Amino acid sequence: MITGFSYRAAVSACSLCVAGLLVLTPAAAAAGPPAGEPAPPRPPAAMPGPSLLYRSGTQVRPHRDAPELPDVSALSWLVADAGSGEVLAAHDAHRELPPASTLKTLFALTVLPTLPGGLQHTVDYDELADVGEGSSLVGVEEGHTYRVADLWRGVFLSSGNDAVHVLARLGGGWEATAARMQDKARSLGALDTHVVSPDGYDAPGQVSSAFDLAVFGRAGLRDPDFARYCGTAEASFPGDGSSYPIENTNRLLTGEDGVAPYPGLIGIKNGYTSNAGNTLVAAARRDGHTLVVSVLNPQADGGLTVYEEARALLDWGFAAAGQVDPVGSLDGLRPPSRTEPSAAPVAAAGAPASDDDSDWSPAAVVAGLTGLGAGAVALALRAKGGRTARS
């Protein structure tokens, strides 16, 4: 039962132009950025040679003094500049593997823009009947009324498959949501992903890749709501009579279980199933640059290895900036043998320079990935009644 709603507060930077919030006259455009705003980013440099991402093994193009890649045991991994889309290094980037709950990044990309956060919904029994056995849960209960924003916090923080099932029903149904997710993946040039279960629960034939998951993570950071949810460490979730605390299961964000929090981490999404092993998409910002890494199924012992291998790749990526040539791009470059319909790639733009590497609020992240100043994005969000601070 839908009892009420308020319109979406936060909008993507791309939609700001469509909404008429960031229209620039020719004279204003020629005048350059306003005082205090960084200059627009330069176009990314042309990639020397063809993409190496469809080759097997580790791919990297180091300069003479580039740092050595860390020892990573994951079956597949990738590290890329989230602004330009340039892939700095990768290992079996297009290997198709079970994604576990990192597939919730694609679920959020598909469904999040369609449901206002203030919408209230009373959960029916049928919406929870098919939640997979052993699923991670946030504690959604039938008969209770939740705001959509609460359910999204349940998805991003607790990886709650119960919350996914309810949101999928609101978004048109389980099978329809899977089909829309598949279409969304294709539109982003993510051709390795096959969606069966929108929550990432193990299902025959359900696969993704380090490349595709990095594409999803990068695209998600352009949505202020996605950026805010994926970077939230702690929140309250409505319970029976009172709310209770929930904590993000991404240990690089929270520092739980002996994993040191990563400086400048923006967040994104972790996952685990017995079939997929541990999986992780993570992004961090430092010195005005944002990196995104994806790590699938480390083979070294220990369930926390995925975080340490992601940490090592992030450290390497920041240290290697300017000292490696890209081995490919996240902007939908495809091998000649692929025959899927052409997709509109994510626009490539480098992150603006900044002396403050502590600002990874949704406005700053969106600004860094679109070439808009954080002030311009924040102004537009305020004009729509949105929030720019992490909740």
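**A covered helix and its partners**

Modeller: The crossing of α3 and α5 is left-handed. This is a predicted model, so every value here is computed from it. The axes of α3 and α5 come within 12 Å and cross at roughly 30°. An angle under 35 degrees counts as roughly parallel, so α3 is roughly parallel to α5. On the α3 side, the residues that meet α5 are Lys-104, Phe-107 and Val-111. Facing them in α5 are Asn-161, Val-164, Leu-167 and Ala-168. Sorted by class, this contact has 5 nonpolar, 1 polar and 1 charged residues.

Take α6 next. Its axis and that of α3 come within 9 Å and cross at roughly 95°. That angle falls in the range from 65 to 115 degrees, so α3 and α6 are roughly perpendicular to each other. From α3, the contact uses Leu-106, Phe-107, Leu-109, Thr-110 and Val-111. From α6, it uses Thr-177, Arg-180, Met-181, Lys-184 and Ala-185. By class, 6 residues are nonpolar, 2 polar and 2 charged. Phe-107 and Val-111 take part in the contacts with both α5 and α6.

The largest nonpolar core has 63 residues. Those touching the most other members are Leu-78, Val-140, Trp-152, Phe-156, Phe-216 and Leu-330. Apart from that core lies another, of 27 residues, including Leu-280, Val-295, Ala-310 and Trp-316.

Ser-135 sits between β5 (120–122) and β6 (145–147). Is Ser-135 buried or exposed? Ser-135 is buried, because its relative accessible area is 13% and the cut-off for buried is under 20%. Beyond four places in sequence, Ser-135 is in contact with Asn-161 and Tyr-201. Ser-135 and Ser-159 are 24 residues apart along the chain, and their C-alpha atoms are separated by 9.0 Å.

Most residues other than glycine have a negative phi. Asp-287 has a positive phi, near 50°, and lies in the loop between β10 (277–286) and β11 (289–296). Asn-297 also has a positive phi, of about 60°. It is found in the loop between β11 and α10 (305–319). Asn-297 is buried, with a relative accessible area of 18%.

Last, the setting. The chain has 12 helices and 13 strands. Of its 391 residues, 54% are buried. Among contacts between residues at least 6 apart in sequence, 67% join residues at least 24 apart.

Conventions: Residues are numbered from 1 along each chain as its sequence is written. This is a predicted model: local features need pLDDT of at least 70, side-chain atom pairs count only at pLDDT 80 or more; totals for chains, interfaces and linings use all residues. Side-chain values use heavy atoms; hydrogens and water are left out. Axes are lines fitted to C-alpha atoms, for helices over the stretch in contact, and angles run from 0 to 180 degrees between N-to-C directions. Helices (H or I, at least four residues) and strands (E, at least two) are DSSP runs, numbered from the N terminus. Angles under 35 degrees count as roughly parallel, over 145 as roughly antiparallel, 65 to 115 as roughly perpendicular and the rest as oblique. Contact means heavy atoms within 4.5 Å. Ala, Val, Leu, Ile, Met, Phe, Trp, Tyr, Cys and Pro count as nonpolar, Asp, Glu, Lys and Arg as charged, and the others, Gly among them, as polar. A crossing is left-handed if the near helix is turned anticlockwise from the far one by less than a right angle, and right-handed if clockwise. A nonpolar core is a set of buried Ala, Val, Leu, Ile, Met, Phe, Trp, Tyr and Cys residues joined through side-chain atoms within 4.5 Å. Buried means under 20% relative accessible area, exposed over 50%, partly exposed in between (1.4 Å probe, protein chains only).
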